[in-house]
Amino acid sequence: MKGRMVNELGSIVIDSNVIATYAGSVAVECFGIVGMAIVNVKDGLVRLLKKDSLERGLAVRIEDNRISIDFHVIVSYGVSISAVADNLFGSVKYRVEEFTGMEVEKINMFVEGVRVID
């Protein structure tokens, strides 16, 4: 899936992996987010992803130049999940729309775990 924009000089094509990498880096900067997670379906174990593979903790879909993003995150212990979600949704929507020039239609956040931060 790729987003496409056309202007007077030509067309711009943005791969969904580029958007995933950018959205993942924006997400880990948000208050209350420890990191992105990946779930091993076979074992049911949740693993915290390193910074170089954040895009594996989310899914990006592009339809009619509208973006939908699913985040699988680990949150900090003791924070309000609704406050974290509001912060994530606002930050990601604004920054991804500025980055791509496309509309972010939907953002879903799946909390896969909680970690105590020292």
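Predicted model: local features only at pLDDT ≥ 70, side-chain atom pairs only at ≥ 80, totals over all residues.
Trainee: Why is Asp 64 called exposed?

Mentor: Its relative accessibility is 68%. The term applies over 50%, so Asp 64 counts as exposed.

Trainee: Why is Asn 65 called partly exposed?

Mentor: The relative accessible area of Asn 65 is 28%. Buried requires a value under 20% and exposed one over 50%; Asn 65 lies in between and is therefore partly exposed.

Trainee: Where are Asp 64 and Asn 65 placed?

Mentor: Asp 64 is in the loop between E5 and strand E6 (66-76), and Asn 65 is in the loop between E5 and E6 as well.

Trainee: What is stated about phi in Asp 64 and Asn 65?

Mentor: Phi is near 55° in Asp 64, a positive value in a residue other than glycine. For Asn 65, also a residue other than glycine, phi is positive and near 60°.

Trainee: What makes Arg 56 partly exposed?

Mentor: Arg 56 has a relative accessible area of 45%. Arg 56 sits in the loop between strand E4 (45-48) and strand E5 (58-63). Its C-alpha is 9.4 Å from that of Asn 17, although 39 residues separate the two in sequence.

Trainee: How do you know that strands E1 and E2 pair?

Mentor: Pairing requires at least two bridges. Strand E1 (residues 2-7) and strand E2 (residues 10-15) are joined by 6 bridges, so they pair, and they run antiparallel. E1 and E2 form a hairpin, with 2 residues between them.

Notes. Residues numbered from 1 in each chain as written. Heavy atoms only, no water. Helix = DSSP H or I, 4+ residues; strand = E, 2+ residues; numbered from the N terminus. Buried < 20%, exposed > 50% of the residue type's maximum accessible area, 1.4 Å probe, protein only.
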